[in-house]
Amino acid sequence: MSMTLFFDFTVDKTKNTINIKREFAADRPTVWDCYTKSEILDQWWMPLPWRSRTKSMDFREGGKWHYAAVGPNGEEHWSITSYVKIEPQKLFLANDAFGDASGNINPQMPQSKWTMNFSDSGKNTQNTHSGNR
Amino acid sequence: MRRDIFQAIADPTRRAILVLIAAQAMTPNSLAEHFDTTRQAVSKHLRILTECELVKQEYQGREIYYQIEINKMKEIDKWIEQFRKIWETRFNQLDKVLSTLKKQKK
């Protein structure tokens with residue numbers, strides 16, 4: 001891609017918060033689909049050589065995304081993302097947790113709360129991701 | 001006692017101490033002058049930072065000077081950098097997905 005897309009990554013250790021801003025060369029409905037449809041999420045969510053494999057996706061308030069991060073040697077780490085609040089094409093709030101293949105959350109592992117904001121930036125879309133423990 | 005370095009730097013006073021001693025090694029007394037807290041409170045923060053190996057002590061005569069452990073501080077940067085890389089890679093992958101979707105629409 002020839003154009004530069006805005007990327008900002010800051011860590012606020014006082015609040016245990018990570019703030020990430022990123023611009024995408026697509027309109028808001030398309031970017032929204034990429035974050036909320038498991039068949040698209042599985043194409044980009046885990047950085048290679050890892051990939052994500054969805055077991056179930058129920059994108060609604062109170063619903064969950066249950067997926068495995070699959071490593072190059074077939075190792076699996078299960079994650080459960082619980083959707084807390086959804087405003088279509090604007091924002092969603094989710095809790096990320098580690099768990100097992102049956103969808104049970106492991107309470108011993110740290111969980112993080114994420115707020116994903118979607119906004120227009122000219123013809124592009126800018127997302128603000130804010131995550132904290 | 002083994003402590004979590006991230007817990008150590010979560011405290012604002014401890015972060016301020018690290019900033020001060022990053023410039024030059026300091027004694028607990030000279031550090032305490034920069035804060036409204038007691039000398040004891042500053043000593044407690046220094047003890048935690050020492051346990052996390054973020055600072056080290058150096059004796060000069062009767063005085064103890066605290067100085068920063070650069071290598072340990074770099075560990076924190078490295079951890080953040082790894083995390084940043086994950087998101088960077090993730091977004092680059094999303095760029096590709098978006099450009100494929102765009103081509104399909106045309």
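**Salt bridges in a predicted model**

The side chains of A:Glu76 and A:Arg53 form a salt bridge, with N and O 2.9 Å apart. This pair links distant parts of the chain: A:Glu76 lies in strand 5 (residues 76-87) of chain A and A:Arg53 in strand 3 (residues 51-57) of chain A, 23 residues apart. The model is predicted. Over all chains, the count comes to 14 salt bridges. Side chains of opposite charge can pair when their charged atoms come close.

- A:Glu76 has a relative accessibility of 37%, so A:Glu76 counts as partly exposed.

- A salt bridge joins A:Arg60 to A:Asp58, and their closest N and O atoms are 2.9 Å apart.
- A:Arg60 counts as partly exposed because its relative accessibility is 46%.
- A:Asp58 has a relative accessibility of 30%, so A:Asp58 counts as partly exposed.

**The pair A:Glu87 and A:Lys90**

- A:Glu87 and A:Lys90 form a salt bridge in which the closest N and O atoms are 3.5 Å apart.
- A:Glu87 counts as partly exposed, with a relative accessibility of 25%.
- A:Lys90 is partly exposed at 46% relative accessibility.

**A network in chain B**

- B:Glu81, B:Arg84, B:Lys85 and B:Glu88 are joined into one network by salt bridges that share partners.

Methods:
Residues are numbered from 1 along each chain as its sequence is written. Chains are lettered from A and ligands numbered from 1 in the order in which they are written. This is a predicted model: local features need pLDDT of at least 70, side-chain atom pairs count only at pLDDT 80 or more; totals for chains, interfaces and linings use all residues. Side-chain values use heavy atoms; hydrogens and water are left out. A salt bridge is a side-chain nitrogen of Lys or Arg within 4 Å of a carboxyl oxygen of Asp or Glu. Helices (H or I, at least four residues) and strands (E, at least two) are DSSP runs, numbered from the N terminus. Buried means under 20% relative accessible area, exposed over 50%, partly exposed in between (1.4 Å probe, protein chains only).
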